[in-house]
Amino acid sequence: MLYIHNETLLDYLRTSYRRAEIKRLYDFLLQSRTFRFRHLDNGLFPASSSANDDDASGYQNAWVRDNVQIAYAHFFWGDRATAARNTLSLMSFFHSQRLRMQQVIESPCLAADPMKRPHIRFDALKMKEIPQKWPHAQNDALGYFMWFFSKMAQEGVVGCDESAIQTLVDLVRYLNAIEYWQDQDSGHWEETRKVSASSIGTVVAGLQEFYTLCRLHNFFDLCFFKKFSIDEGYVINLIQKGQETLQRILPYECLEPDDTNTRRYDAALLFLIYPLNIVSAPMASTILKDVSANLEGHIGIRRYPGDSYWCADYRDLFSPGDRSNDFSEKIQSRDTHLKPGEEAQWCIFDPIISCIYGMRVLENGKNEDRRLQAHYLNRSLGQLTKETDKVTALQCPEAYFIEHGSYHPNDHVPLQWTQANLRMALHWLELTAEA
């Protein structure tokens, strides 16, 4: 059964879509401001366009991960200018993080303190670090940046000057110094540190695109590469170490001998299928089945079993300043409030699954893939908000959570990552639609 929050959409939903119907739906959503993105003059995207400059949530700041996902979506549907501005601003910020990388390269033990690692959340307006303690040990964010910049440079969206090359080389050396393939990081969800397949896979994707970029422009011949003995073999070896770990862990997100942090199911693994395309077709099918059978809810998709972020009555349990706090070292205190089956259901995943099935439709044209592409798009559309005293209509939430017995959008509406994924899913529908 399809759950629709805003019934104005009922006139637009179809079990299969023709191009005219997609255009009508898209025009309606444009007029409803569903796809109104907020980006700063520097091209960066705050996590939520509704967050004020001093918002207690911190969602007015820039997360590297969110920015890459949103900017890549803009590139995918043809907005190269927005993608370029974002890419260059991210590179400028990472250039400011070179000293942190170099210090860890010289003394890898420094990486034990997340604040001494490259920062992955920063002031979007000033493009500067935020002094607040934060779990910056997030290798996936570093992998996403390398993947995105390398792709944009390959496509000619941005140039790759000496400063950019030096920053990328330092990042590669840093990933080697921390031994990313066995490094415990806080990953996509910024929580307890563990060896995570979703982080390792993202770094592998970044290194592969970096390798392709270097081959394309003969960067391996540059003096700066030779200064640090960075050649093709160096990068290939780094890639292989990550691939070997993935073969051991997948389809688990985390697989540890003592079972402390072992996690079988995690929706972050979906990103290894799309947009990163880093796993085999059989493994992609396994991940999709795992998510559908174990994480999919009637509204959205849980991040993982036992996720206490935005558990039932979260607004009653935590003050505005505490709701999005760093729980990476004290997650047990939050977990005590969770009852099984009451995890928040997120809205960033259904459109990604629709994109995955759209990709499969282009590959094989199977009717079942076409049906599932439309089905997960419709689930995404069903998540768009109805008008209340807290949110405007037809906006993209971060997640739905249980409040006083019924599901409501959480504080972060609209979440720009959700918007980007939904619009990307619609673009995939256009690519696969029949006349």
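**Entry 1: α4 and α6**

I began with handedness, and the crossing of α4 and α6 is left-handed. For that word I used this rule: the near helix is turned anticlockwise from the far one by less than a right angle for left-handed, and clockwise for right-handed. Helices here are DSSP runs of H or I with at least four residues, strands are runs of E with at least two, and both are numbered from the N terminus.

I then noted which residues make the contact. From α4 they are R98, M101, Q102, V104 and I105, and from α6 they are Q166, T167, D170, L171, R173, Y174 and A177. Contact stands for heavy atoms within 4.5 Å. By class, I have six nonpolar, three polar and three charged residues in the contact of α4 with α6. The classes are these: Ala, Val, Leu, Ile, Met, Phe, Trp, Tyr, Cys and Pro are nonpolar, Asp, Glu, Lys and Arg are charged, and the others, Gly among them, are polar.

For the geometry, α4 covers residues 98-106 and α6 covers residues 162-177; their axes come within 9 Å and cross at roughly 35 degrees. The axes are lines fitted to C-alpha atoms, for helices over the stretch in contact, and the angles run from 0 to 180 degrees between N-to-C directions.

A note on what I am reading: this is a predicted model, in which local features need pLDDT of at least 70 and side-chain atom pairs count only at pLDDT 80 or more, while totals for chains, interfaces and linings use all residues. Residues are numbered from 1 along each chain as its sequence is written, and side-chain values use heavy atoms, with hydrogens and water left out.

**Entry 2: α1 and α16**

Next I looked up helix α1 (residues 19-31) against helix α16 (residues 416-432), which pack at an angle of about 160 degrees with their axes 10 Å apart. The two are therefore roughly antiparallel to each other. The cut-offs I used are under 35 degrees for roughly parallel, over 145 for roughly antiparallel, 65 to 115 for roughly perpendicular, and oblique for the rest. The crossing of α1 and α16 is left-handed.

On the α1 side, R19, I22, L25, Y26 and L29 make the contact, and on the α16 side R423, L426, L429 and E430 do. In this contact of α1 with α16 I have six nonpolar residues, three charged and no polar.

**Entry 3: backbone**

Which peptide bonds are cis? I noted L250 to P251, with omega near 10 degrees, and V413 to P414, with omega about -5 degrees. P251 sits in the loop between α9 (232-249) and α10 (270-273), and P414 in the loop between β6 and α16.

M127 has a phi of about 55 degrees, and its place is the loop between β2 (121-123) and β3 (128-129). D313 has phi near 60 degrees and is found in the loop between α11 (281-294) and α12 (314-317).

**Entry 4: pockets**

My grid was 1 Å over the protein atoms alone: a cavity is a set of points where a 1.4 Å probe fits but cannot get out, a pocket is an open set with protein on both sides within 12 Å along at least five of seven lines, and lining residues have an atom within 4 Å of a point. Grid points are joined across faces, edges and corners, and a volume is the space filled by probe spheres set on the points.

The largest pocket holds about 400 Å³. Its lining has 23 residues, with T388, K390, V391, H408 and P409 nearest the centre. β6 gives the largest share of that lining, four residues. The lining divides into eight nonpolar, eight polar and seven charged.

The second largest pocket has about 270 Å³. Among its 14 lining residues, T192, T260, N261, R263 and Y304 lie nearest the centre.

**Entry 5: cavities**

How many cavities of 30 Å³ or more are there in the whole structure? I have five. The largest cavity has a volume of about 340 Å³. It is lined by 25 residues, and Y59, W189, E190, R303 and Y309 are the closest to its centre. That lining has 12 nonpolar, four polar and nine charged residues.
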